[in-house]
Amino acid sequence: FANCAILDNDKVKCWGRNHVGQLGLGDKNDRGDEPNEIGDNLPYVDLGTNMKADVLSANSQHICTLLKNDKVKCWGWNSGGGSNLGIGDSLDRGDDANEMGDNLPFLDFGTGKKAKVIAAGHEHSCVILNDYSVKCWGNNWLGQLGTEDTESRGDQPNEMGDNLPETILNF
């Protein structure tokens, strides 16, 4: 299973199991199970030009980071009936070259919406947004997105952004 940390330079390093690219290093090689793979030998995750991590949320197979600019990027496993990564397809990210960094898209939560809190769940993820609404995407076969249906979201074009429904919360 994957583990990640934000270092004091606001960069991310991940280690552990990497069978679907959840370490975000452009391959499927586990890190930390052999000598000389950790510390200075462990590469940083490429989040993109001038991108700095603020918060990480890791599931065993996908990782999401809330960046200092209030945008979100997710990588790793992206299938299972719904897109864990919320980028409009079901292709894993981080397991091949040229999938991370500036090639990894920001998630779209809608007009004027900025992420404030991120949580990666089992085959889904959720954010709390700047207006205190909650949006979730990914597998929804048990209603875990909180939208009173079982439609998975984020694995097809035009399912994110303003088309992604808010989680139904009545306070």
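I checked Cys 64 and Cys 74 first, and both are buried (under 20% relative accessible area; over 50% is exposed and in between is partly exposed, with a 1.4 Å probe and protein chains only). This is a predicted model, where local features need pLDDT of at least 70, side-chain atom pairs count only at pLDDT 80 or more, and totals for chains, interfaces and linings use all residues. Residues are numbered from 1 along each chain as its sequence is written, and side-chain values use heavy atoms, leaving out hydrogens and water.

Next I looked at the bond: Cys 64 and Cys 74 form a disulfide with sulfur atoms 2.1 Å apart (the cut-off is a pair of cysteine sulfur atoms within 2.5 Å). The torsion about their S-S bond is about 110 degrees, so this disulfide is right-handed. Cys 64 sits in strand E4 and Cys 74 in strand E5, ten residues apart. Strands here are DSSP runs of at least two residues, numbered from the N terminus.

Then I looked up the neighbours of E4. E4 and E5 pair antiparallel over five bridges (pairing takes at least two DSSP bridges), and Cys 64 stands opposite Cys 74. On E3, I found five bridges to E4, also antiparallel, with Val 55 partnered by Leu 66.

How many of E4's six residues are buried? I got six of six. One side has His 62, Cys 64 and Leu 66, and the other has Ile 63, Thr 65 and Leu 67.

Last, I counted disulfides: the structure holds three. In sequence order, the bonded cysteines pair 1-2, 3-4, 5-6.

Note on methods: Helices (H or I, at least four residues) and strands (E, at least two) are DSSP runs, numbered from the N terminus.
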